[in-house]
Each structure stands twice: as C-alpha cells, then as structure tokens.
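This report goes through a single model, from its charged pairs to its sheet and its nonpolar cores. The sequence and the structure come first.

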Amino acid sequence: MSDPHDLKASIRTIPDFPKPGIQFRDITTLLASPKAFQRTIDQFAERFENQGVTAIIAAEARGFIFAAPLALRLNARFIPVRKPGKLPFEVHSFQYQLEYGTDALEMHTDALSATDRVLMVDDLLATGGTMEACMRITEKLGANIVGAAFVIELPFLNGRQRLEPHDVYSLVQYSAEE
C-alpha cells in the first residue's frame, strides 16, 4: 500500500486509455485506500476551512466523490451540477465548447444566492472547460467563488489559466512526460 501522505503514489496510471497516447490517471486506487482518501479530504479542508465556504459545487460524476465528504467536513451544502435533463427542478444551463463539439451543464436555479461563498471541486483539472462552465453558472446566480480544488492537475493543458482570476488549488500535478 502506498503512503497516504504521498497521494501521487496512490494514483494509478493507465497508458493508452481511453485511446493511444493518453496517460489516464486512475483515482480508483486512491479511493480504495481509506487513508489516502481521508488525506485528500483533509488537505482540501485544511486549505479552505477558514474561508467561510457555504456551498461546494461539483460536476458529475467523479467530482461528487470528493465534494460530498468535503461539504460535510466544512459544514457546507453540496450542490450537484449535472448533464442536461438530470435535475428535476428549474435549472440554469451553460453550454460550452469541447474539442469536437459542445456540451452543457445545469444547476438548480435555487441552489445558490448572492450570500454564498462557493468552493468548486473536481477530481481533475485538464483544459478547465467543465470547471469554467460550473463557474459561469455560479456567477449567473450571483454567488462568490472562493476557489477551485482538484485532486489532479495537468498543468501542460493550461486549465488553470482558463479559470483565472479564481484561486486554483491542486494536490497532485503531472507533467506531459510522466
């Protein structure tokens, strides 16, 4: 078992998945280690515990895994952001560009207010498109974004720049060569 203090050692790399040339960062091995999973939540909590977070937002699906226990830890609400047609109440939607096409995300219209201080959470920061969409919906509802937290960041894809001027925090970074 890997050292829970070395989260990178808890993440398995799968070469050529889902297609040749991709180095897939598999978090299931981190999740399978209660100590590593706990350390992940602890590090997020330590970073944001004094920032008055009232709500934590995550887009489906892997962001939910980290956002829900962190919301409990910070005594904040968990707000799911979902693909179109998955939420039962009135929604705000944000359509965004993918490399080959478009996608959309939705959030309930009553999920946030101008008094909320929101932390965005996801497992991976690559190009930043998904998180940027979550931020745009959050801003549409008038809430203040405290920051964005990621387990893994791929800095060579420049996602952090796409999320400026917001604070971006990641626990593990991989270079293009790793």
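A search of the whole structure finds twelve salt bridges, a salt bridge being a side-chain nitrogen of Lys or Arg within 4 Å of a carboxyl oxygen of Asp or Glu. The model is predicted: local features need pLDDT of at least 70 and side-chain atom pairs count only at pLDDT 80 or more, while totals for chains, interfaces and linings use all residues. Residues are numbered from 1 along each chain as its sequence is written, and side-chain values use heavy atoms, with hydrogens and water left out.

**Salt bridges**

Helices (H or I, at least four residues) and strands (E, at least two) are DSSP runs, numbered from the N terminus. Arg-77 is partly exposed at 37% relative accessible area, whereas Asp-116 is buried at 5%. Buried means under 20% relative accessible area, exposed over 50%, and partly exposed in between, with a 1.4 Å probe and protein chains only.

Glu-139 and Arg-136 both belong to helix H4 (residues 129–140), where they are three residues apart, about one turn of the helix. Glu-139 is partly exposed at 35% relative accessibility, and Arg-136 is partly exposed at 26%. Salt bridges also join Glu-132, Arg-136, Glu-139 and Arg-162 in a network.

Five strands form an open sheet with parallel pairing, in the order S4-S3-S7-S8-S9; two strands pair if DSSP finds at least two bridges between them. S4 and S9 are the edge strands, each pairing on one side only. From one strand to the next the twist averages 20°. S8 and S9 pair in the parallel sense over five bridges, and the bridge partner of Phe-150 in S9 is Ser-170.

Helix H3 packs on the sheet and touches S3, S4, S7 and S8, its direction making about 140° with that of S7. H4 also packs on the sheet, touching S3, S4, S7 and S8, and its direction makes about 165° with that of S7. Axes are lines fitted to C-alpha atoms, for helices over the stretch in contact (heavy atoms within 4.5 Å), and angles run from 0 to 180 degrees between N-to-C directions.

**Nonpolar cores**

A nonpolar core is a set of buried Ala, Val, Leu, Ile, Met, Phe, Trp, Tyr and Cys residues joined through side-chain atoms within 4.5 Å. The largest has 28 residues, and those with the most contacts inside it are Ile-56, Phe-66, Leu-70, Leu-74, Leu-119 and Val-121. Helix H2 (34–48), strand S3 (55–59), helix H3 (62–73), S7, strand S8 (144–153) and strand S9 (168–173) each supply at least two residues of this core. H2 gives the most, with five residues. Another core, of 25 residues, lies apart from it and includes Ala-55, Leu-105, Leu-125 and Ala-133.

Leaving aside neighbours within four places in sequence, the contacts of Phe-66 include Ile-27, Phe-37, Phe-44, Val-121 and Val-151.
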